[in-house]
Amino acid sequence: MSKKNHRTVPGVHPYDGPAGGWGALKATAIAVKNQMDTLKAPPMLMRTNQPDGFDCPGCAWPDKDHGSTFQFCENGAKAVTWEATTKRVTPAFLAENTITSLLQRSDYELEGYGRLTTPLRYDAASDTFIEVSWEEAFTRIANKLAALPPDEVEFYTSGRASNEAAYLFQLFAREYGTNNFPDCSNMCHEATSVGLPQSIGIGKGTVSLDDFDSAELILSMGHNPGTNHPRMMGTLHELARRNVPIIVFNPLRERALERFADPQNVMEMATNSSTDIASTYYLVRAGGDSAALKGIAKAVLAIEAETGTALDHDFIREHTEGFERFAADIEATSWALIEQDSGLKQADLRRVAEAYVKSNATILTYGMGITQHNRGTDNVRLLVNLLLMRGNIGKPGAGVCPLRGHSNVQGNRTVGITEKPSSDFLNKLENVFGFTPPSHHGHDAVQAMKAIVDKQAKALICLGGNFAVALPDSDVTFPAMRELELSVHIATKLNRTHLLTGKETLLLPCLGRTELDEQSGNRQSITVEDSMSMVHASSGKLKPASPLLRSEPAIVAGMASAALPRTRVNWNELIADYDLIRDLIEKTIPGFDDYNARIRQPGGFQMPLPPRDRIWPTPSGKAMFSLYQGTHEDLTVPGDDVLRLITLRSHDQYNTTIYAMDDRYRGVFGRRDVLFMCDFDLERLGLEHGDVVDLESAVPGYRMRLESMTVIRYAISQGSIGAYYPEANVLIPLDYIDKESGTPSYKSAPVRITLRSRDVVTPQAVESH
């Protein structure tokens with residue numbers, strides 16, 4: 001190791017505390033202080049995830065009960081206070097700041113200005129957003145839509161939109177005449193939505209929160225719960241304290257998967273102690289998850305050959321198809337290739353298999369570290385194969401658990417946000433509403449942006465989100481957004497996509513989850529579906545940030561009423577009482593029986609999950625073993641200097657929203673221009689901790705660069721490097737995707753690194769910085 005490899009780098013120093021604990025409480029206090037009245041914040045936070053309160057706008061982890069003191073976490077508090085901030089973006093502020101000048105601000109600064117307060121339209125003459133009435137905004141949208149073929153319009157949905165808003169949005173678009181429904185799920189868990197139905201007949205996880213109480217083993221693959229679904233930490237904490245093995249596969253060491261102090265545990269807080277979470281932690285190579293899964297399966301087959309007890313033969317015979325072909329493929333895969341692609345040793349994978357065989361009930365949890373690869377759908381099917389080998393679906397304490405991000409990304413898909421609707425759903429829409437919806441498939445997120453780049457799509461209507469920033473290849477996509485005939489954004493705050501103004505751009509400010517939604521004098525509730533298919537109500541109580549705000553359902557209804565002069569839907573009636581929207585959902589989507597009655601019960605209800613009862617809605621009526629279609633070449637780009645880039649969220653970040661410039665658990669403070677790399681690769685490439693480097697895409701045929709990144713030493717697997725999302729998106733081509741699901745390969749993009757500069761940083765320089 002270089003003698004300079006321990007030099008000090010500004011803003012980079014180890015964080016020795018556990019995840020959670022006093023650090024989380026301090027961060028929560030800072031978030032409250034920076035965003036809102038410190039007297040109003042505590043009672044508001046105490047209503048988070050409570051029966052008569054609002055659902056956290058952050059992650060989709062479910063609530064076990066409502067009996068604990070509080071049902072929010074550090075990052076949930078950040079999400080809530082970020083939305084309930086007292087800061088405002090007024091017409092006067094916008095008059096003083098041109099779009100050109102705002103584009104020079106960071107993403108953190110843009111959202112940090114606060115809540116939008118009035119409908120706005122872009123004025124090219126002044127290069128500013130100016131105030132407009134709701135009626136004029138809807139008229140302008142209607143006039144543009146009337147001049148466009150429906151399939152030239154893209155309808156984007158964020159996972160924070162409610163079931164009611166999403167249902168009306170899809171109804172509006174389909175009556176208008178298109179199935180173009182790019183959504184945030186296309187960029188994260190679309191591989192789940194494609195792969196799980198092929199394996200078990202449904203695109204959702206099969207476990208409930210109660211299953212974790214009886215699980216004997218957790219296999220955790222490709223996710224960082226401390227940041228991305230932090231309320232899960234309470235569940236993992238309970239498991240670890242019961243000595244349930246938690247075996248982690250992840251390219252990076254993540255503090256929350258190592259040590260966690262529960263802020264609700266009096267003893268841990270009083271003694272400043274913590275609980276070890278992972279019983280074993282394997283640094284799998286970026287993109288090597290499939291090889292690791294095949295290695296575990298191969299070892300299970302070896303144990304079966306030795307003992308005859310490793311497989312659940314009765315389950316395989318009665319409930320599955322394709323096992324023999326799958327087993328033959330696994331047997332034919334060499335250990336040498338498995339070790340090379342996964343970066344793990346045969347002996348380690350054998351130990352995992354032994355723990356798996358020993359367990360009578362195993363839950364496999366996974367995140368975007370599994371899905372955001374060129375073979376993401378294959379990865380999903382492969383992990384289901386592993387569960388099927390021992391009958392670990394459809395019994396207590398066992399199953400597959402995809403970890404969704406946004407709090408209603410799964411619900412949006414359930415109520416019709418899909419570019420590939422079923423004929424049954426379309427027929428029900430026609431029977432209930434009296435119009436014939438389009439039947440041809442529309443665009444997903446990548447296809448929508450390609451259509452915008454190719455000028456085949458002329459308009460974009462966004463129900464929340466930060467569409468252009470969330471997608472790869474900003475050097476190509478950002479200019480294309482400026483060519484749109486129409487862009488419309490329903491939003492609470494400014495973001496960069498809003499500033500990529502087209503010929504007509506409108507910002508429509510909406511209520512947040514925390515705010516009171518009154519229609520016709522009555523308080524309304526919306527509903528969301530968590531990652532375990534529980535549907536429950538959410539109702540805010542805060543005074544809206546502006547009297548001009550409208551709810552998301554009301555804004556969608558206003559656009560639809562203006563744009564569909566011969567509409568068959570009584571939009572105004574639906575907005576007066578959201579129960580009527582839910583009645584329509586019940587009539588057109590299975591599983592919502594007695595919808596309004598059941599959401600009025602604490603905790604709501606669970607949507608049907610047939611695989612829990614070992615009922616498989618596949619064409620064969622059985623769970624399907626599949627063959628992994630990937631090859632070693634999927635991970636290979638010529639050149640010893642090629643590394644695999646993983647894009648990451650910092651701890652002060654949720655998707656594209658950046659709450660602050662720190663990444664506490666990884667030891668990065670006040671900056672985001674860093675590149676995580678292990679000692680082995682630093683030495684191999686002749687680099688040192690603190691060097692400034694440039695990155696260039698190694699995808700053949702592309703010249704994409706990210707410059708002036710500071711390399712920092714980190715516990716990450718060999719051959720893998722990490723950089724922050726969305727800044728590193730410039731290194732990922734728009735069509736570098738999983739071909740089956742369309743999911744961008746954010747977690748294993750090949751890149752090369754070149755040294756830009758090497759400066760010795762002295763302690764004095766650090767202090768002055």
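In the predicted model, Thr365 stands opposite Cys401 in strand E14. Strands here are DSSP runs (E) of at least two residues, and helices are DSSP runs (H or I) of at least four, both numbered from the N terminus. Two strands count as paired if DSSP finds at least two bridges between them.

E13 and E14 are part of an open sheet of five strands. The order is E11-E8-E7-E13-E14, with parallel pairing. Strand E11 (280-282) and strand E14 (399-402) form the edges, each pairing on one side only. On average, neighbouring strands of this sheet are turned by 15° against each other, direction ignored. Axes are lines fitted to C-alpha atoms, for helices over the stretch in contact; angles run from 0 to 180 degrees between N-to-C directions.

Helix H9 (residues 190-200) packs on the sheet and touches E13 and E14. Contact means heavy atoms within 4.5 Å. The direction of H9 makes about 170° with that of E14.

Elsewhere, helix H14 (residues 289-307) packs with helix H16 (residues 323-332) at about 105°, their axes 9 Å apart. H14 is therefore roughly perpendicular to H16 (a term for angles of 65 to 115 degrees). H14 contributes Lys294, Ala297, Lys298 and Leu301 to the contact. H16 contributes Phe323, Phe326, Ala327, Asp329, Ile330 and Glu331. Six residues of this contact are nonpolar (Ala, Val, Leu, Ile, Met, Phe, Trp, Tyr, Cys, Pro). Four are charged (Asp, Glu, Lys, Arg) and none is polar (the others, Gly among them).

Residues are numbered from 1 along each chain as its sequence is written. In this predicted model, local features need pLDDT of at least 70 and side-chain atom pairs count only at pLDDT 80 or more, while totals for chains, interfaces and linings use all residues; side-chain values use heavy atoms, leaving out hydrogens and water.

Key
Angles under 35 degrees count as roughly parallel, over 145 as roughly antiparallel, 65 to 115 as roughly perpendicular and the rest as oblique.
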